[in-house]
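Biologist: Before we discuss packing and ring contacts, could you put the model on the screen?

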Amino acid sequence: MMAVAALVAIGAPAGAAADPGAELGQAVHEFFDIGRSAVPRAECGPGSLPETGLQGDVPASDRDSGRSTTGYRCNMSMIGGYTGRGAGITSTGFEHCAYVGSFFPGTLLSEHPGVQVIDASDPANPRLTATLTEPAMLAGTWETLKVNTTRKLLVGTGVPLGLGAGYLSVYDISDCAHPRLLNPGAGTNPVMPLPITTHEGGFSPDGRTYWASGLVPGFLSAIDLTDPAHPRVIWQGLTGIEAHGFGVSADGNRLYISAMGGFTVLDVSAVQRRDPNPQVPHLGRSFWTDGWATQHSIPVTYEGVAHLFTVDEGGSGGVKLIDVSDDAAPRIVAKVKLEVNLPEHIDSAIGSAMGNSLFSYDPHYCTADRPANPTALACGWVSSGIRVFDVRDPGAVHEIAYFNPPARTGQNLEIWNSPHALASIIGVPAMSAPAALRSMADGLFDPAQVLSARAGRVAFGDLSADWCMSPPEWRGNQLYVTCSDNGFMVLQLDNGVYTPPADQQSTVGS
């Protein structure tokens, strides 16, 4: 609470003041003419165990029969993993190591509380090498645990209940299996909090700035890490009524921060230059109703033209590919949706997802395989598992592989660090409500389809499908992934469906 008081005292710079109402009319870009169909299904080769229903769905019959406990796979297999007590919302990695996010308060009940460090140099036998237990790591890292490969830094903030304040830890990961704390003072010492609020966070590409977004009421903080032993806030402001995840351009001068349904483009070049009293003007806003709770954006280029892969974690908006060469006039290029996300299937999707808690079949975090002319995009698609798409031709995106891990049905009390296990006290897929309303408005919603055998599961869910929310990370033909219930896994792309580019570089956006 000291950090919140400090924010009030500092105030928001005039350059960050927002008046969303004044621009709303011209800022809504619905893009309804694009994305009315699902991307083509992957053609599953030898060794696959394909889905039994709609693309992306875990049917009610599979959940109730136990079929979902064997999982689904297509051109992708699991080499090894480390389950532990499950994984927090997002995790990250560097070289042959993974850093498994923590979730409060469940992490405190584990034999290894805090962020778990996994050495996957032997992919078939990943092993725990360290546990990070500073205040930020024990408080739950939510969507803030990020790595900057240029400077070999790991940063996470403490987010106990959706919104955190004050605590941030910086680690040197030159020896990736044994991170070394760099800031024992401000941000880590319990009596020396930083004046920040947090929900999400991420680096500028050069690693000198860590951006922390505080969800509501839209606080955004820039933390200087030029000297990582002494992190300091160099700018703060309001971006609107809500600030979620974001993406930062390759030069560090543009920040695309997510709103409820859309994003705002901020000119952060003054912060990047370290100008005294930097101003951060808004350059453009884009809103939509096809999807909501926009999670994050991945700045990429196609033939030198700036684009974003932008992810909606609710409302079946899928992943949008947007041309942002004009900050004020974005142009939709493609939407990536699965069959289960289409308006005509929202009713049956809700029917199958009942009893599996708030989230159902939406993407959460994606990763491109390189920032310029990406060839593939890998996404954690919550209950649909890990999905991989060929994105070489933006006009012909298609799925090439998926891996939906075995459900850990009924094992809630064994995976204390899983947000899914904790959230399953609520059984209704509430994040699908906006999509259901749109489907109803279009006359495509059949209430009878909701009334599956699982319709009565409004509380105390059974974990009949995992939640894969973390960004997959590219390692050649392998992906490092974490899912809430199954923890850390190393997956292998099979059957020649993917050829890693020579300049492969996992690109999350922040």
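**Fold, cores and aromatic pairs**

Modeller: This is a predicted model, and in its chain 62% of the contacts with a separation of 6 or more are between residues 24 or more positions apart. The secondary structure amounts to nine helices and 31 strands.

Biologist: What radius of gyration does the chain have, and what would a compact globule have?

Modeller: The C-alpha atoms fill a box of roughly 60 × 50 × 45 Å along the principal axes, and 61% of the 510 residues count as buried. For a compact globule with 510 residues the radius of gyration would be near 24 Å, and the chain agrees with this, having 21 Å.

Biologist: Which residues touch the most other members of the largest nonpolar core, and which element supplies its largest share?

Modeller: The core has 29 residues, of which Phe 309, Val 319, Leu 377 and Phe 389 touch the most other members. Elements that each supply at least two of its residues include β22 (305-314), α6 (346-353) and β26 (376-380). The largest share, three residues, comes from β21.

Biologist: Which residues does Val 319 touch, leaving aside those up to four places away in sequence?

Modeller: Among them are Ala 334, Pro 363, Cys 366 and Trp 381. Val 319 also touches Thr 310, Val 311, Lys 335, Val 336 and Cys 379, and, to complete the list, Phe 309 and Leu 377.

Biologist: Why is the pair of Phe 359 and Trp 467 given its class, and what is that class?

Modeller: Phe 359 lies in the loop between α6 and β25, whereas Trp 467 lies in the loop between α9 (447-450) and β29 (473-475), 108 residues apart. Both residues are buried. Their ring centres are 5.2 Å apart and the planes stand at 80°, over the 60 degrees that the class requires, so the pair is edge-to-face.

Biologist: Which class describes the pair of Trp 474 and Tyr 498, and is Tyr 498 buried or exposed?

Modeller: The centres of these two rings lie 4.8 Å apart with 35° between the planes, and the pair is tilted. It links strand β29, which holds Trp 474, with the segment after β31 (487-493), which holds Tyr 498. Trp 474 has 3% relative accessibility and counts as buried; Tyr 498, with a relative accessible area of 7%, is likewise buried.

Biologist: Over which ring does the charged end of Arg 475 sit?

Modeller: The distance from the charged end of Arg 475 to the ring centre is 4.6 Å, and the ring belongs to Tyr 480.

Conventions
Residues are numbered from 1 along each chain as its sequence is written. This is a predicted model: local features need pLDDT of at least 70, side-chain atom pairs count only at pLDDT 80 or more; totals for chains, interfaces and linings use all residues. Side-chain values use heavy atoms; hydrogens and water are left out. A nonpolar core is a set of buried Ala, Val, Leu, Ile, Met, Phe, Trp, Tyr and Cys residues joined through side-chain atoms within 4.5 Å. Buried means under 20% relative accessible area, exposed over 50%, partly exposed in between (1.4 Å probe, protein chains only). Helices (H or I, at least four residues) and strands (E, at least two) are DSSP runs, numbered from the N terminus. Contact means heavy atoms within 4.5 Å. Rings of Phe, Tyr and Trp (its six-membered ring) pair if their centres lie within 6.5 Å; planes under 30 degrees apart count as stacked, over 60 as edge-to-face and the rest as tilted. A charge sits over a ring if NZ of Lys or CZ of Arg is within 6 Å of the ring centre and within 35 degrees of the ring normal. The radius of gyration is taken over C-alpha atoms; the globule rule is 2.2 Å times the number of residues to the power 0.38.
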